[in-house]
Amino acid sequence: MNTWKRYDLLKKSISHYAACPRLQSIHIVWSEPDPPSDSLKRYLNHVVQENSRNGHQVELVFDINKEDSLNNRFKEIKDLKTDAVFSIDDDIIFHCSSVEFAFTVWQSAPDTMVGYVPRRHWVDKTKGKDKYIYGGWWSVWWTGTYSMVLSKAAFFHKKYLKLYTDEMPASIKEYTTKNRNCEDIAMSFLVANATGAPPIWVKGKIFEIGSTGISSLGGHSEKRTECVNRFVTEFGRMPLVPTSMKAVDSRNAWFW
């Protein structure tokens, strides 16, 4: 779980997800200059202990980072007991049943990314075949296609943490750290480059409990477009694969 000085949101999210079945551990990506306070650690450990179900104790770990970088969320986690990683921001909540469904979808395709927030890219015809445009939610809604699922709410195999840590080009890591943006696009590039396959979008009700993020700031789409084109240059090709498939839990939908 990625967090930054939003302790009230962190408490709400940890309290919620600790009650979800089949959860093995919660890793909090901590990149603040000061370590978590003893009172915060006591509170969260108490919440996890209270909300853990069926006698199974969920492990709570603070992954402390010396550098403030968005790349920290993809650092390799040593001795992780599960293959599946659910990457989530501290201000986003899904019903446990929705998370469980996304996990079953991921189990059917464990090499790909499975997530709730789709985005897309397309060729910028005004600039040539090797230049691309980043598209937000409305472009996905309008066309019915996507080529990324954002890591703010997505499952992927733990091997991609090691791959990101060891093999992601240093120039891309430096770029995301400097610009405080696009680490999620970088992970999408990494997985697509490794698999040659598209991600899977899972339909799920999103509850955003925080304030508006950087996506609402002016020039956001232009900055993301710049990221896409920079990463294409770094990878030497466009690895993202468009798709129109969406996974829907038919038990909870009238139309699917």
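1. Strands here are DSSP E runs of at least two residues, helices are H or I runs of at least four, and both are numbered from the N terminus. A pocket is an open set of points on a 1 Å grid over the protein atoms alone, where a 1.4 Å probe fits, with protein on both sides within 12 Å along at least five of seven lines; lining residues have an atom within 4 Å of a point.

2. Please keep in mind that this is a predicted model, with local features needing pLDDT of at least 70 and side-chain atom pairs 80 or more, while totals for linings use all residues. Residues are numbered from 1 along each chain, and side-chain values use heavy atoms, without hydrogens or water.

3. The lining of that pocket has 34 residues, with L23, S25, A84, V85 and F86 nearest its centre.

4. Now for two helices: α6 (residues 170–179) packs with α8 (residues 220–235) at about 165°, their axes 10 Å apart. Since angles over 145 degrees count as roughly antiparallel, α6 is therefore roughly antiparallel to α8. Axes are lines fitted to C-alpha atoms over the stretch in contact, and angles run from 0 to 180 degrees between N-to-C directions.

5. On the α6 side, the contact (heavy atoms within 4.5 Å) is made by S171, I172, Y175 and T176. Helix α8 brings E226, C227, R230, F231, E234 and F235.

Note on methods
Parallel < 35°, antiparallel > 145°, perpendicular 65-115°, else oblique.
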